[in-house]
Amino acid sequence: MLHQESDIIIIGAGLTGLTLAYLLEETQLSVTILEGRPRIGGRIHTLYPEGEPPQEMGATWLGMKHQNLISLLEELNLETFPQELGDKAIYEPMSINPPQLVVLPANQDPSYRIKGGSSALINSLADRLSKTQLITQQVVKSIKQKDGKVNVTTGTDQYTANKVISTLPPYLLCHTIDMQPQLPSELTHLASQTHTWMGESIKVSLAYERPFWKAENSSGTIFSNVGPVPEMYDHSDLDKRYFALMGFMNGNYHTLTRTERREMILKQLTKYYGTQASTPVAYHETVWREESMTYSDYNSHVLPHQHNGHAAYRDSYWDGKLMIAGAETAAHHPGYMDGAVSSAKHVLHQITQLN
Ligand SMILES: Cc1cc2nc3c(=O)[nH]c(=O)nc-3n(C[C@H](O)[C@H](O)[C@H](O)COP(=O)(O)OP(=O)(O)OC[C@H]3O[C@@H](n4cnc5c(N)ncnc54)[C@H](O)[C@@H]3O)c2cc1C
């Protein structure tokens with residue numbers, strides 16, 4: 001078993017963990033990031049298949065209100081572009097009514113995508129970590145405070161640090177990690193009812209040779225109360241070289257097989273666009289509730305965004321040796337990418353104040 005020491009251990013190489021490590025590069029502190037998955041990015045996951053546009057299986061959109069994220073993108077010289085909605089949408093109100101084309105009202109708060117895909121942000125942060133040690137496939141099992149230090153044990157190795165920052169969704173931290181000493185019971189109770197944003201979602205994307213939805217009397221924007229896809233959008237790349245439609249499938253279909261989900265979606269799209277929709281170049285999906293490093297079943301019913309941004313997450317624990325970060329803990333836009341950046345900034349402030 002390998003045993004390594006550093007000043008700071010960050011658990012999780014999602015947007016929070018990587019932003020924090022990027023900010024800590026300015027300090028003298030030695031930093032190790034332990035990531036459980038073989039890939040970095042967490043809930044940000046862009047696919048880059050040859051001959052297709054970058055396709056977002058996780059976080060996609062930001063708005064002008066997301067100022068923490070926007071300043072980080074600017075600092076990293078990453079560009080954004082508006083999500084194309086068109087001026088019409090296909091709207092399906094009820095199964096007994098045919099789908100109709102409706103005029104969309106002027107959008108007061110447009111959404112933007114990151115040029116090159118959301119993972120461009122993740123890769124750009126990772127590229128800038130010259131001092132940080134980033135180790136993947138290290139699933140953390142326990143975090144224990146002993147003799148003024150914190151020991152972190154993964155499935156294979158052991159790490160020691162002066163401070164540990166968890167960026168796991170709070171529910172996962174309290175339900176999958178053995179913590180010693182135990183966290184205050186009010187905090188574990190809070191975490192057991194803290195929603196992990198989008199953990200139940202199914203993201204789907206279909207790449208096509210031609211953007212047949214960009215035609216008069218058609219649209220790539222779909223809103224359906226019938227489903228199985230309630231919302232879908234054009235997902236072509238900025239240069240309009242490759243074309244795709246991307247949306248959410250009703251999360252209840254997680255029990256079906258991939259083939260069954262694909263067939264249901266193609267049937268829905270064929271209803272709107274005819275047979276040209278039935279032969280995509282590729283079909284991609286991510287069922288997030290099957291991702292054990294994002295989602296675990298709740299013991300009781302938890303509402304979307306429940307306890308996101310709770311102030312208890314922004315305290316430090318174990319005499320300043322443990323901090324709980326992550327998008328769900330942020331004071332601003334908790335659950336979103338902006339929240340992840342805001343959380344990283346807050347922890348940087350805590351660390352530099354306590355040192
Ligand atoms: C389908 C979907 C769509 C979304 N759409 C949007 C959107 O359009 N706009 C937006 O702003 N936000 C969106 N979000 C939310 C956004 O993705 C998150 O706010 C953000 O990515 C969270 O970053 P994070 O680093 O805090 O958490 P995470 O990305 O969850 O990172 C936590 C990291 O910890 C790792 N980990 C977990 N357990 C362990 C363990 N035991 N040991 C070691 N490592 C571990 C995970 O693998 C992960 O890398 C979406 C999310 C999903 C899933």
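**A walk through the predicted model**

Helix H1 passes helix H3 in a left-handed crossing. The axes of H1 and H3, the latter spanning residues 119-127, come within 9 Å and cross at roughly 35°. On the H1 side, the contact is made by Leu15, Leu18, Thr19 and Tyr22, and these meet Ile122, Leu125 and Ala126 of H3. Sorted by class, this contact has six nonpolar residues, one polar and no charged ones. All of this, like everything below, is read from a predicted model.

Stepping back to the whole chain, two domains are assigned: domain 1 (1-45 + 118-198 + 299-355) and domain 2 (82-115 + 200-290). Their C-alpha centres lie 34 Å apart. Five residues from domain 1 and five residues from domain 2 make up the contact. On the domain 1 side, the residues touching domain 2 are three nonpolar and two polar, with no charged residues.

Then there is the ligand. Of the 40 residues around the ligand, the ones that come nearest are Gly12, Gly14, Gly36, Gly42 and Arg43. By class, the shell divides into 21 nonpolar, 15 polar and four charged residues. Both domains take part, with at least three shell residues drawn from each of domain 1 and domain 2.

Now for the strands. An open sheet is formed by seven of them, in the order S7-S6-S15-S16-S17-S14-S18, with mixed pairing. Strands S7 (100-103) and S18 (282-287) stand at the edges with a single partner strand each, so one side of each has no neighbour in the sheet. From one strand to the next, the twist averages 20°. Helix H6 (residues 258-273) packs on this sheet, where it touches S6 (88-92), S14 (202-208), S15 (222-224), S17 and S18. The direction of H6 makes about 120° with that of S18. Within the sheet, S16 (residues 231-234) and S17 (residues 243-249) run antiparallel and are joined by four bridges. Met232 has Gly247 in S17 as its bridge partner.

S10 pairs with S11 (residues 149-154) in the antiparallel sense over six bridges, and with S13 (residues 178-180) in the parallel sense over three bridges. Ile143 is involved on both sides: it stands opposite Val152 in S11, and its bridge partner in S13 is Met179. The hairpin of S10 and S11 has two residues between the strands, and there Asp147 takes a positive phi near 50°.

Most residues other than glycine have a negative phi, and most peptide bonds are trans. Besides Asp147, with its positive phi near 50°, Asn77 has a positive phi of about 60° although it is not a glycine. Asn77 sits in the loop between helix H2 (67-75) and strand S5 (80-82). As for peptide bonds, the one from Gln180 to Pro181 is cis, with omega near 0°, and Pro181 is found in the loop between S13 and helix H5 (185-192). The bond from Gly227 to Pro228 is also cis, with omega near 10°. Pro228 lies in the loop between S15 and S16.

Key:
Residues are numbered from 1 along each chain as its sequence is written. This is a predicted model: local features need pLDDT of at least 70, side-chain atom pairs count only at pLDDT 80 or more; totals for chains, interfaces and linings use all residues. Two strands pair if DSSP finds at least two bridges between them. Axes are lines fitted to C-alpha atoms, for helices over the stretch in contact, and angles run from 0 to 180 degrees between N-to-C directions. Two residues are in contact if their C-beta atoms, placed from the backbone, lie within 7 Å. A residue is near a molecule or strand if its C-beta atom, placed from the backbone, lies within 6 Å of it. Ala, Val, Leu, Ile, Met, Phe, Trp, Tyr, Cys and Pro count as nonpolar, Asp, Glu, Lys and Arg as charged, and the others, Gly among them, as polar. Domain bounds come from an automatic or database domain assignment. A crossing is left-handed if the near helix is turned anticlockwise from the far one by less than a right angle, and right-handed if clockwise.
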